[in-house]
Amino acid sequence: MPIQVLISDPLSEDGIYPLQQATNIQIEVATGLNEDALLEKIKDFDALIVRSQTQVTRKVIEAAEKLKIIGRAGVGVDNIDLEAATEHGIIVVNAPDGNTNSAAEHTIAMLTALARKIPQAFNALKNGIWDRKTFIGVELKNKTLGIIGLGRIGAEVAARAKGQRMNVIAYDPFLTKEKAQKMGIDFGTVDDVIRAADFITVHTPLLKETKHLLNKEAFAAMKDGVQIINCARGGIIDEEALYDAIVSGKVAGAALDVFETEPFLDHKLLTLPQVIATPHLGASTVEAQESVAIDVSNDIVAFFNGDPVRNPVNLPSVSKDVLSKIEPFFDLSEKLGVFLSRMTNEAVEEINIKYAGELANYDVRALTRNTVKGILKRNLGSHVNDVNAKFMADRFGVKVNEHKTTTAKGFLHLITVELLTATTTHRVAGTLLNGLGARIVKVDDYVVDIVPEGHLLYIEHKDQPGAIGKVGTLLAMENINIATMQVGRSAAGGDAIMMLTVDNVVQPEEIERLIALEDIFAVKAIDL
């Protein structure tokens, strides 16, 4: 049965070409749906692609019985309930690079139009007024542009402003003085930027920390005659405070492409001659619309082909270089989690995952999620996946800790997973051996060498002559063939374990008969 993809907002025809070419995907375009119509229709679809119009609410997500991935053809995901998507194991992808150039160009266009009062002059000319004195502007050369937020778009704006021979000072939480120096710009705090700049442009996401970042207090700290540009997100600027700052003469002008409430038609800011505005056009170019649709379409195709997606929103992305290093460990990490989940019937309170050796040099969060998924899916089944594993652990109060060390005790790389309950602690360690594949090399304090696949029996017993023979005899009577066996012990005559690989699933009644044998303490059937 083909994968069903619903496109609920208008997209470029060329942009969905990757979906059209995929033989396993069937597309339906249904735009302009109200919530009731979307709630009814979404039940039959595996994937949903939206722009900014469709509101993907919790109700929509809960009604989506088959939905596995949501694609946002653009950057912002304000119209998607990420928490609900993550909770339901639905991955959300966007297209953060597709409109970078368009947004940066629009910012520079707004900056130039603001400085030279181009829209106001054109409007006067259309109304039959030839006025060269009123619309005298200022040059950008040698002026200081303050940039708050130096991500992809902010960095592009900085490069273009330098081409206009502007001085640039920027703030970003990930910007260092060294990075700023390499870019040929000045580094500062938010306060440094707003005090130094002749023009200020914002390029941050809208977060709790950035809402009304430019407010009454910020405007008061700026230079007299400063000019403001916002082509990022409505809400970063306090619109009431901006209005007052313009009326008072503190701010000479503002160029706005985004607003707290859209459509933005009746606000008093639009009555001011110092304000120029566009209706959220930052990404509205033919090239950007096609590019963001292509990026999302490619991620949808990759997802259903079992390949990594490039731009996950609720799943940390991994670079191709890092992915190539950690990808061989995905299967092992999950199986270590599955193995441990069968070692106890008590509630899991804490999971500790330690990466040793070369793995310690990489971003291993994807492996951590995979391990947690392996542990939780015993009780949660297919509801837990790579997207929501950490979320589900948090929901059930399970602490997840990640540790790294470059010391791997004789191994090139080693993953050790520890599971803590109220009364017990169990751990298992695994690695990849060159030419031999995955191996479990330690269970609790016992050194072993086990291929993590098939039907395993973990047996705790007393180290006594005949213990192994009793187990073998009983399994033979049950017609269960032993493929491999590993044994380990703490000391002669003390506690010991057997790890058996068998050809058949061991049934609960057979486990009970094994436990009834003399000197056998515990038996766990583990299917990998």
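User: Which residues make the nonpolar surface patch?
Analyst: I468, M485 and V487 make a nonpolar surface patch of about 220 Å². This is a predicted model, in which local features need pLDDT of at least 70 and side-chain atom pairs count only at pLDDT 80 or more, while totals for chains, interfaces and linings use all residues. Residues are numbered from 1 along each chain as its sequence is written, and side-chain values use heavy atoms, with hydrogens and water left out.

User: What qualifies as a patch here?
Analyst: Patches are made of residues with over 30% relative accessible area and no salt bridge; like charges are joined within 9 Å, and nonpolar side chains (Val, Leu, Ile, Met, Phe, Trp, Tyr) within 5 Å. Accessible areas come from the Shrake-Rupley method with a 1.4 Å probe, and for residues only the protein chains shown count as cover.

User: Where is I468, and how accessible?
Analyst: I468 is found in helix α17, residues 467-477. Helices (H or I, at least four residues) and strands (E, at least two) are DSSP runs numbered from the N terminus. At 37% relative accessibility, I468 counts as partly exposed. Buried means under 20% relative accessible area, exposed means over 50%, and partly exposed lies in between (1.4 Å probe, protein chains only).

User: Which residues form a salt bridge network?
Analyst: R58, E62 and E87 are linked in a network of salt bridges.

User: Switching to sheets: what is the strand order in the open sheet of four strands?
Analyst: The order is β20-β21-β19-β22, with antiparallel pairing. The edge strands, each pairing on one side only, are β20 (482-489) and β22 (520-527). Neighbouring strands of this sheet are turned by 15 degrees against each other on average, direction ignored. Axes are lines fitted to C-alpha atoms, for helices over the stretch in contact, and angles run from 0 to 180 degrees between N-to-C directions.

User: How many bridges pair β19 with β21?
Analyst: Strand β19 (residues 455-462) and strand β21 (residues 495-502) pair over eight bridges in the antiparallel sense. Two strands pair if DSSP finds at least two bridges between them. The bridge partner of Y458 in β21 is M499.

User: Which helix lies across β19 and β22?
Analyst: Helix α18 (residues 508-515) lies across β19 and β22, and runs at about 155 degrees to β22. Contact means heavy atoms within 4.5 Å.

User: And β1, is that strand buried or exposed?
Analyst: Strand β1 (residues 3-7) is mostly covered, as five of its five residues are buried. In a regular strand the side chains alternate between the two faces of the sheet. Both faces of β1 are covered, with I3, V5 and I7 buried on one side and Q4 and L6 buried on the other.

User: Which strands are joined to β1 by bridges?
Analyst: Five bridges join β1 to strand β2 (residues 25-29), and the two run parallel. Three bridges join β1 to strand β3 (residues 47-50), also running parallel. Q4 stands opposite Q26 in β2, and the bridge partner of L6 in β3 is L48.

User: On backbone geometry, which peptide bond is cis?
Analyst: The peptide bond from E262 to P263 is cis, with omega near 0 degrees. P263 lies in the loop between β11 (251-256) and β12 (275-277).

User: What is the phi of N479?
Analyst: N479 has a positive phi of about 65 degrees although it is not a glycine. N479 sits in the loop between α17 and β20 and counts as exposed at 65% relative accessibility.

Key
Salt bridge = Lys/Arg side-chain N within 4 Å of Asp/Glu carboxyl O.
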